[in-house]
Amino acid sequence: MRLRLVPQETSFDFFKRAKLWLGISALMMVVGFASFLFQGLNFGIDFRGGTTIRTEATESVDVGAYRDALAAHQLGDVSITEVFDPAFEEDQHVAMIRIQAQDDGEAISGEMIETLKASLDAVAPGIKFVSVESVGPKVSGELIQTAVIAVVLAIAAVLVYIWLRFEWQFALGAVAALVHDVVLTIGVFSELQIRFDLAIIAALLTIVGYSLNDTVVVFDRVRENLRRYKQKDLAEVLNLSINETLSRTMMTSVTTLLALISLYVLGGDVIRGFVFAMIWGVVVGTYSSVFVASTILLKLGVKRDWSKQSNTTGNQFSNIDA
Amino acid sequence: MLQIDLWKRVLIWLVCAAGLLLALPNGFYTRVEQANDAAADIIAKGETPERLETAGQWPSFLPSGLVNLGLDLRGGAHLLAEVQVDDVYEARMDALWPEVRDALRPERSTVGTFRRQPGPADQIRLKISKPDGMSRALEVVRGLANPVTSLTGAGATDIEVSAEGDILVVQLSEAEKLASDDRTVRQSLEIVRRRIDEVGTREPTIQRQGADRILIQVPGIGSASELKAIIGTTAQLTFNPVVGRGSDADAAPGVGNKVIPSLDEEGTYYTVEAAAVVTGEDLVDAQPSFDQNGRPAVTFRFNTSGARRFGDYTAENIGSPFAIVLDDEVVSAPVIQSHIPGGSGIITGNFTIEESTNLAVLLRAGALPAGLEFLEERTIGPELGQDSIDAGKVATAVAFVAVLAFMGLSYGLFGLFANVALILNIALIFGMLSLIGGTLTLPGIAGIVLTVGMAVDANVLIFERIREELKAGRGPAKAIDEGYSKALSAILDANITTFITAVILFAMGSGPVRGFAITLGLGIMTSVFTAIFVTRLMIIMWFERRRPKTIEV
C-alpha cells in the first residue's frame, strides 16, 4: 500500500555505460559553453546596467505602439515584451520595457521616467508603472564580479570541506559534478535566452548546494561500504551504494520538485526564471551526483586501506557508523 | 536504547513552543502591525483613546515581533548612492586659502609678493616673486599643518606642501584624504538618516556599503524620485562676500572667487569670494516663517562661534552686499544695513510655503558634506508587492499540501510524524525570522518553498535507513535506533555543505538575494533540528506507548 518510487531492492549497473554518460555530459557541457560564448547570456539590468519598467494597463499591450511612443526619446536600444501569467485579471495587461544604460554613470532620472510615462499614456490611457528599476553601468560591472566570486568561492569552500571529511578523490568528483551543473545551467539560460539577473546567481548557488547534498549522501554511503566490504572492487561498492541510496535520492528529488513546480506555476512571473533555474538544477544535480561524481570517483580510484589509519583527516563523525 | 532524558524532551518541546509563539504574530500581520505602530506612537507622542484602542488589538503579553517584508513585497524605493568624497577637498582648500594668505603676509620681505594661480580644485598653487624665499615660504605654510586624527594615519600631517620651481603647492596628504573620505561618508550617512527621519516613514534601511556608498531603502514611499527629492539636495548653505554682479556666466572671477548664478533671476550671476564667512554647519535652528511682507521665508539662528563671526563681519562691512548661497546658487544678496549681533537672520526669496518648509527641514538636518551620485534606483509599486505576496501564499500552500500528501503516502505513520515536523519547521523559520528581525523577500519565499521540499530530506534519509535495518532483520527498536545513528553523518555532511553556500550567498549578496540566503540558512538549521530531535522524540513517544512487535516504515 505504500507508494514506492523505486522498487525495494535494485541492482542497476550504473557504470555499464559510464563512457556513454560521461560522453553525453561532456557534449552537453561543450554545447552549453559554446552557446554561452557565441550567443551570450541575456543579462538583466543588474549585470549590464539600464532600466526596466514594468507597466500595467487595462487595454491589451500593443508592442508596436509602445515602441513608437518611446522612439521619440532616443534612448538607444529599447526592448518591450508582454508578460503573461495565469494569475492576471481580465483587464490586467503587463509589459516589461527594458532600456539600455545611458551614457552617464548615473541611473536614469526621475523626470525622464515621467516623460516616458506621459508618452505611453497617449497610446495606453491610464498606464501605470508598477515598478521601475534602474542600475548604472558602474554598479552592474561590480555586480558581475561579485557574482562570479561568489560562485567560485562556494565551489572552493565545498571542495575544501569534502576534502577534509572524505578524501581528495571524493572532493574532485563532487566538484566535477558541481561544475557540470553550473555550466549546464548557464548553458540552458544562454540557449533559451532567459533573462539572467542577480536572483539567478542565487539559484545557481542553491543548485550547487542541492547537487552537493545529493553527492554527499551517495559518497557517505560509499565511505561506509568501502569499510564494510573490503574485498569488493570499487565499481561494485559504488554501484551498491548508489542502489542503496537510490530510493532516498528519488524521494528527495520528487518532494523538492513538487514544491518547486507549484512555485513555478503559481508563484507569479516575477520569480519564474529563478524557479526555472532551480528546477533545472535539481534534475541536473540528481543526474550528476550519480553519473558524473561517482563515475569520476571510479576513474580516480580510492585508497582502500582504511584500517591502518583511522581518525585521520578530521572525520570526527565517522566513528558513529563504525 | 530508545531513550531520551526527560529534560531533553522538555527542552525540545519548549523550543518548538517558543518557535510557534514567536511565529504567531505573523498570522495576524495587519492587526499586529497596527498595534505596534500605535504602541510606538503612545511612547513618542502620548496617549489618545484611539491609539490605546488600536494598541489593545494585540495582547501585550504575546510576542509582537514581525517578519519585515522586503521592498519587493511591500513596495517602496531603493537607492544606492555614491558620496562624491572629492567635493570635500575643494572646500578644504578654499577654507585654507585665507589662512595661507594671512600666514605669508608678514613674510613679504623674504618671500616677495604672491598670487594664487589657477589649478586643480584640490590644490592651492601660489606663485611667489622671490624664488629664493621658497624655503621660508614652505616652512611657514607647513606650520599650518595639523596632525591627522585617525588610527592608520598616526604621525602624518593633514596637508602636503611642496615646491615646483617658483610655485608653491598645497594639497591634502593621502592619509588626510583617507580620513576625510571616511568622515565625509559617515557624516552623509548621518544626515541622510536625519532627513528621512524628519519625514517620518516606517523602518527605513540606511546602511553604508563599501568605502563610499550608502544604501537607502524606504518602504511605502511612492517612487525613487520622491526619495531623491528628500535626500538628494546637498542643502549647503553659505554666506559669502559679494565681489560683483553681472550677466556673464563665463566672467573671469579672479583667483579665490567664483561666479555663481542667481536662484530666482534668470541670467544674473554673482561673483563671490569662494571662502564663506559662515556656513550652514554653524546653524542651530531653522524654521519656516514669513517676512514683513507676508511672503514665506526661513528664519535661522547661528551657534555662538557662528554668531560671533557673522557679527564681526557685518560690523566691518556695513554698506556692502553679501550673498546667501544655497547649493551654489544665490538665494538673495542683501546689502548689510547694520551690525547684526544676535546671530539670527531670515532668508527671503520667491519661496512657496512648501519650499520654505522643505528648506527649513534640510537646513535643520544639516548640509550634506558632499554631493551624492545615484548608481541604482528601484521603485516597486505596492500592488506588485501584494500580487507577489498573494502568489507566494498560494504557491507555498500548494507545495505544502503536495509534499505532506506525498510523505504520508510513502511512509504512512512515520510520514505523518515527518509532516508534523515540517509544519513545525515552517513555524520555526518564521519565529526565527521575527526574532532576528530578518527580512522576507520574494526570493526568500522561494527559499521557504525550497525548504519545504528539502526539509523532508533528513527524515527521508532516516526512514530509508530504518527500512534497510528492518530488511536486515533487526527488531523495531534496534532498527529505529540504528537508522538514526547511521543516517546522522550523511545528514550532517549534506546540510553543512548546503549551509556553506547559504553563508557565502549571505556574505556576497545584497537585497533580495540576501533574503533568500537567510531563509535558506534558517531552513537548514530548523530542518536538521526537527529531523534529529522532534521526529525522533515523536517516534520514541509513540513507540513507548504502543510497543509494537513489528513496524512498517
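Two residues are in contact if their C-beta atoms, placed from the backbone, lie within 7 Å. The model is predicted: local features need pLDDT of at least 70 and side-chain atom pairs count only at pLDDT 80 or more, while totals for chains, interfaces and linings use all residues. Residues are numbered from 1 along each chain as its sequence is written, and chains are lettered from A and ligands numbered from 1 in the order in which they are written.

**Exercise 1. Chain A as a whole**

Solution. 
Step 1. Among the contacts in chain A with a separation of 6 or more, 80% are accounted for by residues 24 or more positions apart.
Step 2. Helices (H or I, at least four residues) and strands (E, at least two) are DSSP runs, numbered from the N terminus. Chain A contains nine helices and six strands.
Step 3. The radius of gyration is taken over C-alpha atoms, and the globule rule is 2.2 Å times the number of residues to the power 0.38. For the 322 residues of chain A the rule gives 20 Å; the radius of gyration is 25 Å, well over that value, so chain A is more spread out than a compact globule.
Step 4. The C-alpha trace of chain A spans about 80 × 50 × 35 Å along its principal axes.
Step 5. A residue is buried if 20 or more other C-beta atoms lie within 10 Å of its own, exposed if 12 or fewer, and partly exposed in between, with C-beta atoms placed from the backbone. In chain A, 45% of the 322 residues count as buried.

**Exercise 2. Helix 5 of chain A**

Solution. 
Step 1. The expected span of a helix is 1.5 Å times one less than its number of residues. Helix 5 of chain A (residues 137-165) has 29 residues and reaches 42 Å from its first C-alpha to its last, close to the expected 42 Å.
Step 2. The buried residues of helix 5 of chain A include A:Val139, A:Leu143, A:Ala147 and A:Val151.
Step 3. A:Val148 also lies in this helix.
Step 4. Although 53 residues separate A:Val148 from A:Ile201 in sequence, their C-alpha atoms are 8.6 Å apart in space.

**Exercise 3. Chain B and its helix 10**

Task: Summarise chain B, then locate the buried residues of helix 10 of chain B.

Solution. 
Step 1. Chain B has 15 helices and 19 strands. Its radius of gyration is 34 Å, whereas a compact globule of 553 residues would have one near 24 Å.
Step 2. Of the 553 residues in chain B, 44% are buried.
Step 3. Helix 10 of chain B (residues 304-316) has 13 residues. B:Gly306, B:Ala307, B:Phe310 and B:Thr314 are the buried residues of helix 10 of chain B. They cover an arc of only 95° around the axis (the arc of the directions from the helix axis to the C-beta atoms), which puts them on the same side of helix 10 of chain B.
Step 4. The face of helix 10 of chain B turned away from the buried side carries the exposed residues B:Thr304, B:Ser305 and B:Glu316. The cover over its buried residues includes strand 12 (278-279) and strand 14 (296-302) of chain B.

**Exercise 4. Where the chains meet**

Task: State how many residues each chain gives to the contact, and which strands pair between the chains.

Solution. 
Step 1. Chain B gives 65 residues to the contact and chain A gives 65 residues. Helix 14 of chain B supplies the largest share of the side of chain B that touches chain A, 17 residues.
Step 2. Ala, Val, Leu, Ile, Met, Phe, Trp, Tyr, Cys and Pro count as nonpolar, Asp, Glu, Lys and Arg as charged, and the others, Gly among them, as polar. By class, that side of chain B has 39 nonpolar, 14 polar and twelve charged residues.
Step 3. Two strands pair if DSSP finds at least two bridges between them. Within strand 18 of chain B, B:Ile380 stands opposite A:Ser131.
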